[in-house]
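Hi,

Here is the structure I promised to pass on to you. Have a look at it first, and then read on for what turned up in it.

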Amino acid sequence: MRKHKEEEKRHSLCAGASSLDNYAHQIGLSDFLREKTILSAIEALHLLPGSRGLDAGCGTGSNARLLAAAVAPDGYVIGIDILPDLLDHARKLSAKAGLSLRLSFQQGDVQNIPFDDNTFDWAWSADCVGIISMPPVLLLTEIARVVKPRGTVAILAWSSQQLLPGYPVLEARLNGTSMGIAPFTRDMRPQQHFLRALGWFMEVGLQNLRAQTFVGSVHAPLDEEVRLALTSLFVMRWGEAQLEMSAEDGTLYQRLTLPESPDFILNSPDYCAFFT
């Protein structure tokens, strides 16, 4: 399978300290924008207080901190990620939040999780399964391996959005580019699309399956932090998409998404958007 562009970008961004700080900052903005939505997903799991869980592919640890709060006061969460510098950010933010006694991080590859079988009561993985290059069924099998019988395995990923209100045709064209359809690429089988994830769970042999869509929304007036997060999201979602578009569409995209543009869409007094 072709290595996915977002995974390549993730590793290249983390090659230098300044690039890493920028990447961690982008993750922080994204996590801030999605926090309420992710909290809704965590609440839907009904994790037991005192349970022990894994955050596979934890990045800077934002989800792990929410998970640790969900199993308080006696629960414990371990986050793993392959990038040690991101884990440094995660540890600092965890300590700042006063969670060091209930949350820890260690370097580890989600494709070869460094724990024994049946270690955790539950496992969570966001923006990972179906995104990194390993076939999703194999990755889900590895995550399920470390969860106890009758435990819970949960995955979460970005699935759709409407971020350019009033420009549905332009947004549809953006979503049709290689950046827009990421992490699904044109040479992948339909069964590998994230919205077919129930089939992955069936193939792994997991039971009592449930799929649910969680929606986040924003509307004007936007505070500065939300504006920064949405501006970053435009770049993360469609970064180089205009290279595959007509000159006219590329110009319109930049006119709507560049903060210095007089037509910057976030300045619209009736701006409203959602993501799932």
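Let me start with charge: the 24 positive and 31 negative charges of the protein chain have mean positions 4 Å apart. Lys and Arg count as positive and Asp and Glu as negative, while His and the chain ends are not counted. Each charge is placed at NZ of Lys, CZ of Arg, CG of Asp or CD of Glu.

Before the rest, some housekeeping. This is a predicted model, in which local features need pLDDT of at least 70 and side-chain atom pairs count only at pLDDT 80 or more, while totals for chains, interfaces and linings use all residues. Residues are numbered from 1 along each chain as its sequence is written, and side-chain values use heavy atoms, with hydrogens and water left out.

**The whole chain**

The protein chain holds nine helices and eight strands; these are DSSP runs numbered from the N terminus, helices being H or I of at least four residues and strands E of at least two. Its C-alpha trace spans about 55 × 40 × 35 Å along the principal axes. The radius of gyration of the protein chain is 19 Å, which agrees with the value near 19 Å for a compact globule of 276 residues. That radius is taken over C-alpha atoms, and the globule rule is 2.2 Å times the number of residues to the power 0.38.

Of the 276 residues, 47% count as buried, where buried means under 20% relative accessible area, exposed over 50% and partly exposed in between (1.4 Å probe, protein chains only). Among contacts (heavy atoms within 4.5 Å) with a separation of 6 or more, 76% join residues 24 or more positions apart.

**Strands**

Two strands pair if DSSP finds at least two bridges between them. β1 and β4 run parallel and are joined by three bridges, with Gly-53 opposite Trp-122 in β4. β4 also pairs with β5 in the parallel sense, over six bridges, and here Ala-126 stands opposite Leu-156 in β5. Six of the seven residues of β4 are buried.

Elsewhere, three strands form an open antiparallel sheet in the order β6-β8-β7. Its edge strands, β6 (161-162) and β7 (216-219), each pair on one side only. Four bridges link β7 to β8 (residues 272-275), and Val-218 has Ala-273 in β8 as its bridge partner.

**Helices and two residues**

Helix α5 (residues 136-145) is largely enclosed by the rest of the structure, because seven of its 10 residues are buried. Those buried residues include Leu-139, Leu-140 and Ile-143, and the buried residues of α5 pack against β1 (52-56), β4 (120-126), β5 (147-156) and α7 (197-204).

Arg-34 sits in helix α2 (residues 17-45) and is buried, at a relative accessible area of 11%. Beyond its neighbours within four places in sequence, Arg-34 is in contact with Asp-127, Trp-158 and Phe-275.

Ser-94 belongs to helix α4 (residues 84-96) and is buried at 2% relative accessibility. Not counting residues up to four places away in sequence, Ser-94 touches Arg-65, Leu-99, Ser-100, Leu-103 and Phe-105.

Best wishes
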